[in-house]
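Me: I would like to learn how to read a structure of this kind with some care, going from single residues to the whole chain. Could you take me through it step by step?

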Amino acid sequence: MRKYLFGLVYGLLLAAFTAYVALDTFVLVRVYSIADQAPAQTSDVQPTTAPALVTSHSYTDANITLTLTEYREHDTTIYVADVLLSSPTLLKTALAQDAYGRNVTETTSTMAERTGAILAINGDYYGSREGGYVVRNGVTYRNTAMGNEALTIMADGSFRIAEEGRVSVTELVEDGAVQVLSFGPALVVDGRVSVTEHDEVGHAMANNPRTAIGIISPGHYLLAVSDGRTKASSGLTLRQLADFMLGLGASTAYNLDGGGSSTMVFMGEVVNQPTTNGRSIRERSVSDIVYIGY
């Protein structure tokens, strides 16, 4: 009898611990710090007094030229913003609820509205993991290496791919990094597709909604989101996404959080069809965004 009682108590404790871990990982909100309201990297340009020229698929002012194009590849709809900036400081990031923490989330469209983003895509969803470098607008929030290939956006507007652990956050920031996003893998490096079969297996080799960011040259960027998991769009593999970004002229391209997180917002409107399960079209709340704005 005592043996069965011990087994019952052990089972209950194990179930309680498992439930707590699940809650801590996916539900419990932990705010570690409030986003710096005066970040190290601020925009060196201001909105012009002249009105911007805006259409359903473009935005133009003295500092920003953005064209939104819809592509159809691999039975999938892909939305691409081709962006020219007068200053790389107009490429920014934002944290959900203006706070750094775990399970602190908002929808991409909510963050876009709060920041006044002209165009926004979801970021790396840093809050779903305990590790991975986090630098936003010149402020370092996390320096724990997870072994990912990290995207570093430098002060001069160039992109670099860094391997976490081989180079520290301190070194990256001292070298000029103002944004460090940790998801991956890198899709295109030095004008060549860098995705391997191992990368595909490591990221569930399948067709999925995807989000990517690429650079043609400093100040000239590509922000892309593909639909997926629906009858209308099957989604892309990482290799297909890499080939697509290379075909657009990206010299470096990087895979951000995908699946149900993949969302693009232009002038306050959700452009794509975000879905987690394919049965309903709605945004998933995420930790952060990458956006174009003042």
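Reply: Let us begin with a term: a residue counts as exposed when its relative accessible area is over 50%, and as buried when that value is under 20%. Please keep in mind throughout that this is a predicted model.

Me: With that cut-off in hand, is T49 buried or exposed?

Reply: T49 has a relative accessible area of 86%, so it is exposed, and its place is in the loop between β1 and β2 (53-55). If you look across from T49 to A62, 13 residues apart along the chain, you will find their C-alpha atoms separated by 9.6 Å.

Me: How does S58 read by the same rule, and which residues does S58 touch beyond its neighbours in sequence?

Reply: The general idea is that a value under 20% means buried; S58, with a relative accessible area of 15%, is therefore buried. S58 lies in strand β3, which covers residues 58-60, and, leaving aside residues up to four places away in sequence, S58 touches L53, L66 and F266.

Me: Which residues form a nonpolar patch on the surface?

Reply: The patch is formed by V29, V31 and I34, which together have about 290 Å² of accessible area. V29 sits in the loop between α1 (2-26) and β1 (30-34), and because its relative accessibility is 54%, V29 counts as exposed.

Me: Turning to a helix, which residues of α2 are buried, and why do they line one face?

Reply: In helix α2 (residues 108-115) the buried residues are T108, S109, M111, A112 and T115. Seen down the axis of α2, these buried residues fall within an arc of 160°, which is why they line one face of the helix. Their cover includes the strands β6 (91-95), β8 (119-122), β19 (264-266), β20 (269-270) and β21 (288-292). Just after α2, G116 takes a positive phi of about 70°.

Me: How many helices and strands does the chain have, and what percentage of its residues count as buried?

Reply: The secondary structure comes to five helices and 21 strands, and 51% of the 294 residues count as buried. Among contacts with a separation of 6 or more, 72% are accounted for by residues 24 or more positions apart. The accessible surface of the chain comes to about 13700 Å², and 55% of that surface belongs to carbon and sulfur atoms.

Technical notes. Residues are numbered from 1 along each chain as its sequence is written. This is a predicted model: local features need pLDDT of at least 70, side-chain atom pairs count only at pLDDT 80 or more; totals for chains, interfaces and linings use all residues. Side-chain values use heavy atoms; hydrogens and water are left out. Helices (H or I, at least four residues) and strands (E, at least two) are DSSP runs, numbered from the N terminus. Buried means under 20% relative accessible area, exposed over 50%, partly exposed in between (1.4 Å probe, protein chains only). Contact means heavy atoms within 4.5 Å. Patches are made of residues with over 30% relative accessible area and no salt bridge: like charges are joined within 9 Å, nonpolar side chains (Val, Leu, Ile, Met, Phe, Trp, Tyr) within 5 Å. Accessible areas come from the Shrake-Rupley method with a 1.4 Å probe; for residues, only the protein chains shown count as cover. A salt bridge is a side-chain nitrogen of Lys or Arg within 4 Å of a carboxyl oxygen of Asp or Glu. The arc is that of the directions from the helix axis to the C-beta atoms.
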